[in-house]
Amino acid sequence: MTRIAVLSLKGGTGKTTVTLGLAGAAAARGRTVLVVDLDPQANATAALGIDDPPFTVSDALADGRRGIAADALMPSTWPVAAGVHRVLVLPSERSLEHRSSTAPGSSARLSRVLHKITGSETLTLIDCPPTLGELTRNALVAADAALIVTDPSYFALTGAAQAVEALDIVRTSTNPRLVAAGIVVNRVRARSAEQVFRLAELREAYPDLLLDPVLTERVSVPASQGAGVPIQAWAGAGAREISRDFDLLLSAIDSRLTATRTQPAGGFA
Ligand SMILES: Nc1ncnc2c1ncn2[C@@H]1O[C@H](COP(=O)(O)OP(=O)(O)O)[C@@H](O)[C@H]1O
Ligand SMILES: [Mg+2]
């Protein structure tokens, strides 16, 4: 089983985009995928075609019983082609915001409600809110791996450093099996000298963690999300190119995790 928390310190870097892109890539390979939407903004829930869900991750966390999230799972409305699996969703809603300030020791709540709700072959992607608060801590405690998303901006380096530090803290305190799935750089624009510089800076600081390929800014990304269609099934400009990159990224993450698992315990970098 692989459970990957997708996180970053700020909004708009592409956590939801990477979650959806990898979910589509894995489904296209015939893998069973569960997307856990842990952001009260519920962008992933909407992009996966779920409107006004009757039972959400917020309800599951409030209930807190082991495995209770199974009751909230919904199939996404993404079109299913031959050989493509349907993506399952644990939807979010606004009220999830109020679950972020629960009692100390509550960081294992998500792990508990997700207990055995999927088969061992399922790829679970947890789309985190844009902070390292209680909800993201819950995701890191429930996950086997953490994928850090950043844009190639001035804040990328400090943001990535803080995220890696957050992983270390959770790993040494509560979840020893947590590993880094890597750092994804998203929203890269060709011909931006500033971005080339930031990218080089990131590569130098995290030579082993930075994943290839980096993801380019493509107009088809917001367009497909707004239409509730996976980028893999979108016909707009650049959709095929970024779909290929998501597929390559999935392979890169898979190899990293396989390599990490076969190594003796060690650090992230
Ligand atoms: N590679 C990309 N190309 C074009 N637009 C993108 C790309 N990545 C993200 N976006 C857009 O930027 C906005 C923020 O991305 P999102 O994935 O929602 O970020 P986050 O979940 O980190 O807040 C969304 O409208 C999304 O469609
Ligand atoms: Mg998001």
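R187 forms a salt bridge with E217, and their closest N and O atoms are 3.0 Å apart. A salt bridge here is a side-chain nitrogen of Lys or Arg within 4 Å of a carboxyl oxygen of Asp or Glu. The pair links distant parts of the chain, 30 residues apart. R187 sits in the loop between β7 (179-185) and α7 (193-205), and E217 in the loop between α7 and α8. Helices (H or I, at least four residues) and strands (E, at least two) are DSSP runs, numbered from the N terminus. R187 counts as partly exposed, at 35% relative accessibility. E217 is partly exposed too, at 34%. Buried means under 20% relative accessible area, exposed over 50%, and partly exposed in between (1.4 Å probe, protein chains only).

The model is predicted: local features need pLDDT of at least 70, side-chain atom pairs count only at pLDDT 80 or more, and totals for chains, interfaces and linings use all residues. Residues are numbered from 1 along each chain as its sequence is written, chains are lettered from A and ligands numbered from 1 in the order in which they are written, and side-chain values use heavy atoms, with hydrogens and water left out.

The structure holds 14 salt bridges. One of them joins the side chains of R31 and D254 (3.1 Å, N to O). R31 lies in the loop between α1 and β2 (33-37) and D254 in helix α9 (residues 239-262), so this bridge ties together parts 223 residues apart in sequence. R31 has a relative accessible area of 22% and is partly exposed. D254, at 26%, is partly exposed. Another bridge pairs R65 with D63 (2.8 Å, N to O). R65 is exposed at 52% relative accessibility, whereas D63 is partly exposed at 31%.

The largest pocket holds about 460 Å³ of space. On a 1 Å grid over the protein atoms alone, a pocket is an open set of points with protein on both sides within 12 Å along at least five of seven lines, a cavity is a set where a 1.4 Å probe fits but cannot get out, and lining residues have an atom within 4 Å of a point. Grid points are joined across faces, edges and corners, and a volume is the space filled by probe spheres set on the points. The pocket is lined by 23 residues, and G12, G14, T17, R187 and Q225 are the closest to its centre. Helix α1 gives the largest share of the lining, four residues.

One cavity of 30 Å³ or more is found. Among the residues lining the cavity are T17, W78, Q225 and F246. α1 and α8 each supply at least two lining residues.

The largest nonpolar core has 44 residues, and L38 and L110 have the most contacts inside it. Such a core is a set of buried Ala, Val, Leu, Ile, Met, Phe, Trp, Tyr and Cys residues joined through side-chain atoms within 4.5 Å. Helix α6 (residues 156-173) gives the most to this core, six residues. Apart from it lies another core of 37 residues, among them I4, A181, L211 and I242.

L147 belongs to strand β6 (residues 145-150). L147 is buried, with a relative accessible area of 0%. Leaving aside residues up to four places away in sequence, L147 touches residues including I4, A181 and L211. Contact means heavy atoms within 4.5 Å.
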